[in-house]
Amino acid sequence: MLDVWHTGIVTKLVDETHNTRRFWIQVPDMERFDFKPGQFVTLDLPIHEKKNKRWRSYSIASHPDGTNVIELVIVLLEGGLGSTYLFNEIKEGSELLLRGPQGVFVLPEQLDKELFLICTGTGIAPFRSMAHLHSTAWRTACAYSPYFRRPLPARPALCS
């Protein structure tokens, strides 16, 4: 499954801050994009000749909702080839090559303890997915801190 690459179409972009953008990507060749909260996708971006230098992985920020659309929250890293490409070249309607879901940073199906999730910056992405899916079954707290004094995506929409 890891070797299967899909073409995704960017359906929506929202700038949360001066350097943080939300990307909604539809995967038309899949009826449902099945993933577990905490997993990620890998994008193959045209930023280098060697494929392993083109790959960038991003946590899925949306929750599994039975559709073929996922959301990524990406910060523009100064000097970063991947994020610079995504911020400067990708528009609504653009295509992105992706594979996934990947990763094992997932919660057990049964959890008998309270959750306290700690993150900084766009590290909030997998926690959003986890908290949304389990918000009715568990008591969940999210401690979030931006990297800088400038505002980052700490708005309630990004923390819930």
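This is a predicted model: local features need pLDDT of at least 70, side-chain atom pairs count only at pLDDT 80 or more; totals for chains, interfaces and linings use all residues.
Biologist: How much of the protein counts as buried?

Modeller: Of its 160 residues, 42% are buried. The accessible surface is about 9200 Å², and carbon and sulfur atoms hold 53% of that. Among contacts with a separation of 6 or more, 68% join residues 24 or more positions apart.

Biologist: Why is His 6 called buried?

Modeller: Its relative accessibility is 9%. Buried means under 20%, so His 6 qualifies. This residue lies in strand E1.

Biologist: What makes the link between His 6 and Asp 29 a polar contact?

Modeller: Their side chains are joined at 3.0 Å. The limit for a pair of N or O atoms is 3.5 Å, and within protein one must be able to donate a hydrogen and the other to accept it. The pair is therefore listed as a polar contact.

Biologist: Which residues are in contact with His 6, leaving aside its neighbours within four places in sequence?

Modeller: They are Val 27, Asp 29, Met 30, Leu 96, Leu 97 and Leu 98. Arg 99 is 93 residues from His 6 in sequence, yet the two C-alpha atoms are 6.0 Å apart.

Biologist: Why is Gln 102 called buried?

Modeller: Gln 102 has a relative accessible area of 9%. The cut-off is under 20%, so the label holds. Gln 102 lies in strand E6, residues 95–102. Its side chain makes a polar contact of 2.8 Å with the side chain of Thr 42.

Biologist: What joins Gly 100 and Pro 101?

Modeller: A cis peptide bond, with omega at about 10°. Most peptide bonds are trans. Pro 101 is found in strand E6.

Biologist: What makes the pair Asp 15 and Arg 21 a salt bridge?

Modeller: The N to O distance between their side chains is 2.5 Å. A salt bridge needs a side-chain nitrogen of Lys or Arg within 4 Å of a carboxyl oxygen of Asp or Glu. The pair therefore passes. A search of the whole structure gives five salt bridges.

Biologist: Are Asp 15 and Arg 21 buried or partly exposed?

Modeller: Asp 15 is partly exposed, at 48%. Arg 21 is buried, at 13%.

Biologist: Why are Arg 32 and Asp 34 called partly exposed?

Modeller: Arg 32 has 45% relative accessibility. Asp 34 has 46%.

Biologist: Which residues are linked in a network of salt bridges?

Modeller: Glu 16, Arg 22 and Glu 71. The closest N and O atoms of Glu 16 and Arg 22 are 2.9 Å apart. Glu 16 and Arg 22 are both buried.

Biologist: How many aromatic pairs does the structure hold?

Modeller: It holds three. In one of them, Trp 5 and Trp 55 are 5.7 Å centre to centre, with 40° between the planes.

Biologist: Why is the pair of Trp 5 and Trp 55 called tilted?

Modeller: Centres within 6.5 Å make a pair, and stacked needs under 30 degrees while edge-to-face needs over 60. Its 40° falls between those limits, so the pair is tilted. Trp 5 lies in the segment before strand E1 and Trp 55 in strand E4, so the pair ties together parts 50 residues apart in sequence. Trp 5 is partly exposed at 24%, and Trp 55 is partly exposed at 26%.

Biologist: What makes the pair of Phe 33 and Phe 35 tilted?

Modeller: Their planes are at 50° and their centres 6.1 Å apart, so the pair is tilted. Both residues are buried.

Biologist: How do you know that Arg 99 lies over the face of Trp 55?

Modeller: Arg 99 is 4.4 Å from the ring centre. The cut-off is 6 Å, together with an angle within 35 degrees of the ring normal. Arg 99 is therefore listed as lying over that face. Lys 12 lies over the face of Trp 24, at 4.6 Å from the ring centre.

Methods. Residues are numbered from 1 along each chain as its sequence is written. Side-chain values use heavy atoms; hydrogens and water are left out. Buried means under 20% relative accessible area, exposed over 50%, partly exposed in between (1.4 Å probe, protein chains only). Contact means heavy atoms within 4.5 Å. Accessible areas come from the Shrake-Rupley method with a 1.4 Å probe; for residues, only the protein chains shown count as cover. Helices (H or I, at least four residues) and strands (E, at least two) are DSSP runs, numbered from the N terminus. Rings of Phe, Tyr and Trp (its six-membered ring) pair if their centres lie within 6.5 Å; planes under 30 degrees apart count as stacked, over 60 as edge-to-face and the rest as tilted.
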